[in-house]
Amino acid sequence: MKPPPLLLGAALLFWGWQSEFLIVGAVLAVGLEAARWTRARWEFSDEDFSRFWTFCSLMFLAALVYAFTANDGPSSFGSFFQNPNLATQRSAGTSSSRTASAILRWVPIIFFPFIAAQIYSTRDKIPLAAISLIMRRRRNQARLLGQPVLPDPGFHAGYPYFAACLLAASVHAAEDHSFFWGLCALLAWALWAQRSRRFAVVVWALALLAAITVGFAGQRSISQLQRYLEHINPQWFARFMRRGFGFDPMQSRTALGSVGELKTSGEIIIRLEPKGGSPPPTYLRQASYRQYRTPIWFAGGSLDDFTFVPESPPNSFIWPLLPEKTNTAGVNIASYLSGRRGLLPLPHGSGRLEQLNVIELKKNLTGAVLASGPGLAVFDAFYGPGATIDSPPELDTDLSVPDREIPVLDQVIDDLNLRGQSLAQTLLTLNGFFGDQFTYSTWQGAVRIQNTNDTPLGRFLTQTRSGHCEYFATATVLLLRRLEIPARYAVGFAVHESSGDNYVVRLRDAHAWTLVWDETRQIWTDFDTTPASWIQEESKNPTPWRWLSDAWSRVKFEVAKFRWGQSRVRQYLVWVLVPVLALLLYQIIVRSSRRRRREKPLEDEANFTWPGLDSEFYLLEKRLAARGVPRAAGEPLSSWLERVADVPVLADLRASLHELLRLHYRYRFDPLGLSAAERATLSAEAKACLERLAQAERTPVTTAK
Amino acid sequence: MTTITPAAARAIYQRIADNIARIMQGQSAATRKLLAALASGGHVLLEDFPGTGKTTLAKALARSLDAKFKRVQFTPDLLPSDILGVSIFNQRDQRFFFHEGPVFTNILLADEINRASPRTQSALLEAMGEGQVSVDGERRDLDSLFFVIATQNPVEFRGTYPLPEAQMDRFAMQFTLGYVQPAEEVAILSAQQHNHPLEQLTSCASLADVLALKRAAEDVRISEELKRYVVELVAATRTTTGVQLGASPRASLALMKAAQALALFDGLDFVTPEQVQELAVPVIAHRLVMEPQARFSGLTTQGVVEDVVKKTKVPA
């Protein structure tokens, strides 16, 4: 079934209007409907149609992958499988629906080559085997086995494409009823062409009206039901809307006091490439915190404390954090920004960021740098010893210690005789104290609470002497503060694992350490008391599938780079696709026109070798047709002559014309043909008729039908 | 076998047609098609409402010819052996003796053929297609003139079995007679006031005449261009929307042969496009199988063929 004229063009325009692709829709519509005014046609074979279908299917798959990644599909589903809960489930669901919406909107573009092939083909039907692998295989098997091959009924792609356009148009932004009424109009148009002639037009129109009424009422009811459900409890929906930055710049909940194994993951999350032969930074800090209330560290402020970092010069992708600072080293960092917003992991003392393609950059007083932009940030960080973006210490917060922790801290300070020591001596003593007397462990066993003043930190310092980095960092910060040395709790990642010339940071490399204020140099310095064995401890018992996990991380990273425009692959891909597309089109179009040229001579030969085509009767036919009595394609000459002779002025010619037709037919259709004398008679009679006709031409002809 | 001139052949046709016209008032077009099928070696399926003269037409043709005529009333309990024949054991000679069925004749009237089961209907397949029957593993040739006129009633559905596609394809033509004009119907009443005029009808052509007519029709020339036109018409039905099963090459063959016979009747020794077009519907339409949706929307096989004839460029 072929769609009626202009229906597909109208459907494409409607889709373009609804899905905000109006120009694209108009171009595609003109492309399809132009077939009505051009005679150019291609003789596509079954194989050609199969190629078109394969091409469109590949485009569809590529678009699906693109839409999936562009809508946070991998990260949403990754989070869902790793930590299935309502929020990740909803995130995965949202990602799926966005992917489906995007792909639906593109369907008319993706399958345009296929419908164009159908429209510009000389064939009315495309074999089903061209689009169905199963059917193709069955037919091939039947051929091989010598069994009868069932005829392929074939189909016209017009109506399926029409349906696809309507479906694609349903993904629209407009909240009005334009889609519904447009849909009704187009469906009525399509159904009108296919209506049953058994029923009167009025019956058909009433049936359509009833269907439209039911449809309108149905969609209104669904909208109202949705609104009703949404009003039942808005909190249901609000609770799903929270999004995070990875590390929270405002607070960090530690696992102090938690019992059991601290779960870690080997997933690679950051990649580093040191620049100019400089060593990699030891730590990549994301945030630091100032106030401790067991078991949470707070930054002491709010999100409003973040100040914009200007891009200087504009559109240069250069973001100076400390414009006056001299940076001695550089490193290229690639880090994911979950939810397209996150804290950048930066080396201590970072003064300038370059090649950073983000929309906005903010920093706060505790050294956190918040970036908003693509889901992957790849940038160069230049850093050096000395000043940092952290604010100078404020004595009320950077020296604050919870009252409950004071007794145990004082006990340790007394034991170590720390009071009165210089900063360097203090740090050395603490380093030795934690390094010699403590062990690193991600396991915390159950303990018996001895008294109400007992705290997890106190147990760590006096009883267990074993814990993970959060224990060490918290204890160090509080001990230093108790000694009147300003300190902050820093979180980020430790860099230690090389990968070729570069470095990788895994999720399990997440680390906490201390920032110590050096009063003499007026700078913050990193101080880490966690025993160095923590790295071995974290890396022990690697899973045998780690290589697979790393390979997958690499693939994800490269895909993310491609997706977020952080690589040139996208540009290369376009240049690769162009010749591939050109080659495919060459194969399909040029080859089939060559085949047509090859076959055309046979057709022409067949057309022009028929005998009698030089009959003078044709002159007569031409003259009579010019007088307003043209002959239809399927109308034989005798019937046409009857119509011609019905005109009064030509009534006299009737007998002569029939005699002439008899001779002409013998000349044309009798394999024995005419004798020379009969041929001459045909010629003479025709000329005589023409002359008599010329005389009668003064009289206007009115056709009798 | 004797060969006659086209004029003599036309005279035979005219004689038979006139003889039938004495009985069949106002059915000259149907008679023309019936005789075209006879002369081209095809078989005919008459489908019309009861009482329109299907059986009478067949009997009129049979009486007009000096040839063997048998009639089989098809019923649901009819068996293939009732048509083809059966081997009977002769105790005296101690051997089987083949008792020929009604198929061993020149003209066979298969009345109400759709009342028999497909099994019995299929018994005619070999006879109609190849002019022979195979019974008990032995091939038996039919007479050189074997012409089947089958009738069926389109308005009855209960207790009927639609003819299978293969069987339909064996019929060269299917056409209807239709109701005659009132004046002609009055003439029928007058003619049958006392007795049926069929009783008085005598033969006007011998078996040899009919065979000569067939030979003369075969000798009518047809150009390659018209053969191609015939094939184009038939092929177009295979790609027409709404047609599930198009016409077979057997339809092309039947159309060409029938057009040859018609050209002979028209006094021509070559075929013209007019003869092809005249027979396109009766020869092709009954072989088509329509898709259910198309049938439901009112499309008929006759309409499809008429449309194909209208749209296909006719040689001129």
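Author: Start with the elements: helices (H or I, at least four residues) and strands (E, at least two) are DSSP runs, numbered from the N terminus. The model is predicted, so local features need pLDDT of at least 70 and side-chain atom pairs pLDDT 80 or more, while totals for chains, interfaces and linings use all residues. Residues are numbered from 1 along each chain as its sequence is written, chains are lettered from A and ligands numbered from 1 in the order in which they are written, and side-chain values use heavy atoms, without hydrogens and water.

Reader: Where in chain A does A:Pro313 lie?

Author: A:Pro313 sits in the loop between strand S7 (307–308) and strand S8 (319–320) of chain A. Most residues other than glycine have a negative phi, and most peptide bonds are trans. The bond joining A:Ser312 and A:Pro313 is cis, with omega about -10°.

Reader: What is the phi of A:Leu6?

Author: Near 70° for A:Leu6, a positive value in a residue other than glycine. A:Leu6 belongs to the segment before helix H1 (7–18) of chain A. Next comes accessibility: buried is under 20% relative accessible area, exposed over 50%, partly exposed in between (1.4 Å probe, protein chains only). A:Leu6 has 40%, so it is partly exposed.

Reader: And A:Asn417: buried or exposed?

Author: A:Asn417 is exposed, because its relative accessible area is 55%. A:Asn417 also has a positive phi, about 55°, although it is not a glycine. Look for A:Asn417 in the loop between helix H13 (406–416) and helix H14 (423–437) of chain A.

Reader: Which residues does A:Glu354 touch?

Author: Contact means heavy atoms within 4.5 Å. Leaving out residues up to four places away in sequence, A:Glu354 touches A:Phe317, A:Ile318, A:Phe379, A:Asp380 and A:Phe382. A:Glu354 is in strand S12 (residues 350–354) of chain A. Its relative accessibility is 17%, so A:Glu354 counts as buried. The side chain of A:Glu354 also makes a polar contact with that of A:Arg352, at 2.6 Å. A polar contact is a pair of N or O atoms within 3.5 Å; within protein, one must be able to donate a hydrogen and the other to accept it, and residues adjacent in sequence count only if both atoms are side-chain atoms.

Reader: Now the interface. How many residues of chain A are in contact with chain B?

Author: 23 residues of chain A meet 26 residues of chain B. Buried area is the accessible area (1.4 Å probe) that two parts lose on being put together, summed over both. Here that area is about 2100 Å², and carbon and sulfur atoms give 60% of it. On the chain A side, A:Trp610, A:Gly634 and A:Phe669 lose the most area to chain B, together 29% of what that side buries.

Reader: How many salt bridges are found across the interface of chain A and chain B?

Author: A salt bridge puts a side-chain nitrogen of Lys or Arg within 4 Å of a carboxyl oxygen of Asp or Glu. The rule finds two between chain A and chain B. A:Arg668 forms a salt bridge with B:Glu225, with the closest N and O atoms 2.6 Å apart. H22(A) gives the most, with five residues.

Reader: How many helices and strands are in chain B?

Author: Chain B has 13 helices and 13 strands. Of its 316 residues, 51% count as buried. Among contacts in chain B between residues at least 6 apart in sequence, 77% join residues at least 24 apart.
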